[in-house]
Amino acid sequence: MIVAINIAYSSRGVMTEDSGKIIVTIDNDLADLIPGYLVNRGDDIKKMNTAIESGEFEIIRTTGHQLKGSGGGYGFDFITATGMSIEQGAKDKDIVEIKRHIAALGDYLDRLTILYE
Amino acid sequence: MVSILVVEDSEEISQLLSRHLTKMGYKDIVLAASAEEAMSIMGLVHGGINKEIELILMDIGLPGVDGIGACQKIKSNQRFDDVPIIMVTGDTSVTSLEAAFAAGAIDYITKPLKMLELRARVGSVLRLKQEMDRRKARERELEALTRQLKQSNLILTNLSYIDELTGVANRRYFENYFDQEWKKAFRGHKFISMIMVDIDFFKQLNDTQGHRFGDECLRLVAGALSDALRRPGDFIARFGGEEFVSVLPDTTLDGAAVIGETMRTNVMDLNICFATSKTVSVSIGISGTIPDKSKTLKWLLSEADHALLTAKKSGKNQVRVF
């Protein structure tokens, strides 16, 4: 299955239909940084879900802002785009929209496969 | 080696910047997680480490003092006036960028980071800095050369006004000085006096003791005459041969006579003996006046010369006032 949103935002990553996997190509020089970076994104999802429950939109906004600022730099343009949407959702206090993008991020991380070159 | 300071609170972004900069060939990358830490690294706070930095990459949205405030603080210190600051920001609104440039930032890089943009902007800013550093070094060189030239000119000017043998002023300087003092006395209706001094039997001294002895005698007499002058405006010069001349601004004939007598006794006290029975002495002629249109400085010099001639004719080793 091809995920259209990822095609729209990806500039460096290459995504192919391969049993639903999202394949992103990353510079070999960053190889040692990527696992840690992705683990931290999982933590971000937990943090934002907790913040939704307590209505702490500022935490959600800040996290979205950080996702927006960091994702593309590592080669994950989808994370940047999602971060931007989450930040905006937090500003609008639009919980439905925030949840939708957090879920999309979770799905992206679950299906992500990295190729280093 | 170029040292680059990265000020970024997100560890992930600072790691990424560090990795890219290293790949670009920059080996000395210093990381700071806040403006306060950056200022400590740069020695802007007490107890800091005072690290020399060539370029700063600064996040705008820092906790505590933000990137704009940090930029202002760094740029207000003269030591870092030439250190370029590139802001790293996801906020490219006109307001934000205007504030960054107003604070002293030279450029900005957008988040998320793009290697191509980072390479281009860091490269061009560092090239610009290196060129500015070269120009400033050249300016400093030129300033140092100008100072040296001024000093050399001053030394040459002084040398051209000093009598090499005796160390007192020479005749050229005397003529300039006398002219100035004469005009001042004329304008101020002040008395000005002149003392002409001639060493007695100097030709005989040279003939019997030799020129080296004569030269030493001239040096000692010049010193003894100078010692008689106490006030800042009083002045003595070697007029030529064994003759000296002194200009005494704002001094009456009586005052000049006292100084003349001091000069004479100073020379006698040197007790320079020659030709078995003679001691070096000087004859002194003094003139003085309040300048007016009927008199010239040549007239005053001529009057002092007449007085000196009278002292010579009257048996030498004495002071005569015209």
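**Entry 1: two loop residues of chain B**

I began with Asn317(B), which I located in the loop between α10 (297–313) and β12 (319–321) of chain B. I note here that the model is a predicted one. I read phi of Asn317(B) as near 50 degrees, a positive value in a residue other than glycine.

I next turned to His189(B), which is placed in the loop between α6 (171–188) and β6 (192–199) of chain B. Phi of His189(B) is also a positive value, near 50 degrees, in a residue that is not glycine. Because His189(B) has 9 C-beta neighbours inside 10 Å, I recorded this residue as exposed.

**Entry 2: a cis peptide bond**

I looked up the peptide bond from Lys111(B) to Pro112(B) and found that it is cis, with omega near 0 degrees. Pro112(B) lies in the loop between β5 (107–110) and α5 (115–161) of chain B.

**Entry 3: where the chains meet**

I looked up the contact between the chains: 11 residues of chain B touch 14 residues of chain A. On the chain B side, I listed 4 nonpolar, 3 polar and 4 charged residues.

Two packed helices are described by the angle between their axes and the distance between the axes. I applied this to helix α3 (residues 57–74) of chain A and helix α1 (residues 11–23) of chain B, which pack at about 30 degrees with their axes 10 Å apart. Angles under 35 degrees count as roughly parallel, and α3(A) and α1(B) are therefore roughly parallel to each other. I noted the crossing of α3(A) past α1(B) as left-handed.

Which residues meet here? From α3(A) I wrote down Gly69(A), Ser70(A), Gly73(A) and Tyr74(A), and from α1(B) their partners Glu12(B), Ile13(B) and Leu16(B). By class, this helix contact has 3 nonpolar, 3 polar and 1 charged residues.

In soluble globular proteins, nonpolar side chains tend to be buried together. I found that the largest nonpolar core holds 53 residues, and that Val7(B) and Leu57(B) touch the most other members. Helix α4 (residues 77–92) of chain A gives the largest share of this core, 5 residues. I also noted a second, separate core of 46 residues, with Ile195(B), Ala228(B), Val267(B) and Val280(B) among them.

Finally, I listed contacts of Val7(B) beyond its neighbours within four places in sequence; they include Ala32(B), Ala35(B), Ile56(B), Leu57(B), Asp59(B) and Ala70(B).

Notes. Residues numbered from 1 in each chain as written. Chains lettered and ligands numbered in written order. Predicted model: local features only at pLDDT ≥ 70, side-chain atom pairs only at ≥ 80, totals over all residues. Contact = placed C-beta atoms within 7 Å. Nonpolar A, V, L, I, M, F, W, Y, C, P; charged D, E, K, R; others polar. Axes fitted to C-alpha atoms, helices over the stretch in contact; angles between N-to-C directions. Helix = DSSP H or I, 4+ residues; strand = E, 2+ residues; numbered from the N terminus. Parallel < 35°, antiparallel > 145°, perpendicular 65-115°, else oblique. Left-handed = near helix turned anticlockwise from the far one by under 90°. Buried ≥ 20, exposed ≤ 12 C-beta atoms within 10 Å, placed from the backbone. Core = buried A, V, L, I, M, F, W, Y, C linked by C-beta atoms within 7 Å.
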